[in-house]
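This report describes the fold of one chain and then turns to one of its elements. Please keep the sequence and the structure at hand while reading.

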Amino acid sequence: MELLFVVVIAAGLGLGVRMVVPGRSAYGANLIPAIAAATAAVVWVALLWLGWTFDGTWIWVLTIVAAVLTSTAVAVILPKRRAESDARMLAELSGTAKRTA
(Lines give C-alpha, C1' and ligand atoms only; values in the text may rest on other atoms or scores of the structure.)
Protein backbone atom coordinates (compact mmCIF):
# COMPACT_ATOMS: atom_id res chain seq x y z
CA MET A 1 0.00 0.00 0.00
CA GLU A 2 2.90 2.34 0.74
CA LEU A 3 4.14 1.85 -2.82
CA LEU A 4 0.88 3.33 -4.07
CA PHE A 5 1.22 6.29 -1.70
CA VAL A 6 4.79 7.07 -2.69
CA VAL A 7 3.99 6.80 -6.40
CA VAL A 8 1.00 9.15 -6.10
CA ILE A 9 3.03 11.65 -4.06
CA ALA A 10 5.87 11.52 -6.60
CA ALA A 11 3.45 12.01 -9.51
CA GLY A 12 2.00 15.05 -7.76
CA LEU A 13 5.45 16.50 -7.19
CA GLY A 14 6.30 15.71 -10.81
CA LEU A 15 3.28 17.73 -11.85
CA GLY A 16 4.62 20.58 -9.74
CA VAL A 17 8.01 20.25 -11.44
CA ARG A 18 6.28 20.42 -14.82
CA MET A 19 4.59 23.68 -13.83
CA VAL A 20 7.73 25.31 -12.41
CA VAL A 21 10.39 24.42 -15.00
CA PRO A 22 10.13 26.46 -18.23
CA GLY A 23 9.85 24.78 -21.63
CA ARG A 24 6.84 22.59 -20.89
CA SER A 25 5.48 23.09 -24.40
CA ALA A 26 8.19 20.75 -25.69
CA TYR A 27 6.66 17.60 -24.19
CA GLY A 28 3.32 16.17 -23.18
CA ALA A 29 1.40 17.00 -20.04
CA ASN A 30 1.88 13.63 -18.39
CA LEU A 31 5.52 12.90 -19.22
CA ILE A 32 7.21 14.52 -16.24
CA PRO A 33 4.72 13.20 -13.64
CA ALA A 34 5.02 9.74 -15.20
CA ILE A 35 8.81 9.87 -14.99
CA ALA A 36 8.60 10.92 -11.35
CA ALA A 37 6.14 8.12 -10.57
CA ALA A 38 8.20 5.48 -12.37
CA THR A 39 11.39 6.62 -10.66
CA ALA A 40 9.70 6.50 -7.27
CA ALA A 41 8.40 3.00 -7.89
CA VAL A 42 11.79 1.69 -8.99
CA VAL A 43 13.71 3.33 -6.14
CA TRP A 44 11.15 2.22 -3.54
CA VAL A 45 11.22 -1.41 -4.64
CA ALA A 46 15.01 -1.40 -4.94
CA LEU A 47 15.37 -0.06 -1.41
CA LEU A 48 12.91 -2.65 -0.10
CA TRP A 49 14.96 -5.38 -1.77
CA LEU A 50 18.05 -3.98 -0.08
CA GLY A 51 16.39 -4.51 3.27
CA TRP A 52 15.06 -1.06 4.11
CA THR A 53 11.72 -1.06 5.92
CA PHE A 54 8.69 0.70 4.52
CA ASP A 55 7.99 2.52 7.77
CA GLY A 56 11.42 4.15 7.94
CA THR A 57 11.91 7.83 7.26
CA TRP A 58 14.88 7.56 4.93
CA ILE A 59 13.21 5.29 2.38
CA TRP A 60 10.54 7.95 1.93
CA VAL A 61 13.02 10.81 1.75
CA LEU A 62 15.37 9.09 -0.68
CA THR A 63 12.53 7.92 -2.93
CA ILE A 64 10.89 11.34 -3.14
CA VAL A 65 14.20 13.16 -3.65
CA ALA A 66 15.21 10.74 -6.42
CA ALA A 67 11.85 11.21 -8.16
CA VAL A 68 12.01 15.01 -7.99
CA LEU A 69 15.64 15.17 -9.13
CA THR A 70 15.06 12.80 -12.04
CA SER A 71 11.93 14.57 -13.24
CA THR A 72 13.62 17.97 -12.90
CA ALA A 73 16.62 16.81 -14.91
CA VAL A 74 14.38 15.51 -17.69
CA ALA A 75 12.29 18.70 -17.64
CA VAL A 76 15.43 20.82 -18.03
CA ILE A 77 17.25 18.72 -20.63
CA LEU A 78 14.35 17.65 -22.86
CA PRO A 79 13.30 21.07 -24.29
CA LYS A 80 16.86 21.86 -25.38
CA ARG A 81 17.29 18.49 -27.06
CA ARG A 82 13.86 18.77 -28.65
CA ALA A 83 14.67 22.20 -30.13
CA GLU A 84 17.96 20.91 -31.54
CA SER A 85 16.28 17.85 -32.99
CA ASP A 86 13.46 19.90 -34.51
CA ALA A 87 15.94 22.32 -36.11
CA ARG A 88 17.98 19.44 -37.52
CA MET A 89 14.86 17.76 -38.93
CA LEU A 90 13.61 21.03 -40.45
CA ALA A 91 16.96 21.57 -42.15
CA GLU A 92 16.92 18.02 -43.46
CA LEU A 93 13.36 18.18 -44.76
CA SER A 94 13.75 21.63 -46.31
CA GLY A 95 16.92 20.63 -48.13
CA THR A 96 19.17 23.14 -46.40
CA ALA A 97 21.17 20.54 -44.52
CA LYS A 98 24.74 19.91 -45.58
CA ARG A 99 24.99 17.08 -48.02
CA THR A 100 27.84 14.67 -47.81
CA ALA A 101 28.71 12.91 -51.03
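## Basis of the model

This is a predicted model, in which local features need pLDDT of at least 70 and side-chain atom pairs count only at pLDDT 80 or more, while totals for chains, interfaces and linings use all residues. Residues are numbered from 1 along each chain as its sequence is written, and side-chain values use heavy atoms, with hydrogens and water left out.

## Overall fold

The chain holds three helices and zero strands, where helices (H or I, at least four residues) and strands (E, at least two) are DSSP runs numbered from the N terminus. Its C-alpha atoms fill a box of roughly 60 × 30 × 15 Å along the principal axes. Of the 101 residues, 25% count as buried, meaning under 20% relative accessible area with a 1.4 Å probe and protein chains only, whereas exposed means over 50% and partly exposed lies in between.

## Helix H2

The buried residues of H2 are Ile32, Pro33, Ala36, Ala37, Thr39, Ala40, Val43, Trp44 and Leu47. They cover an arc of only 165° around the axis, which puts them on the same side of H2; the arc is that of the directions from the helix axis to the C-beta atoms. On the other side of H2, Val42 and Trp49 are exposed.

What covers the buried residues of H2 includes helix H1 (2-20) and helix H3 (57-94). Thr39, with a relative accessible area of 15%, touches Ala66, Ala67 and Thr70, not counting residues up to four places away in sequence, where contact means heavy atoms within 4.5 Å.
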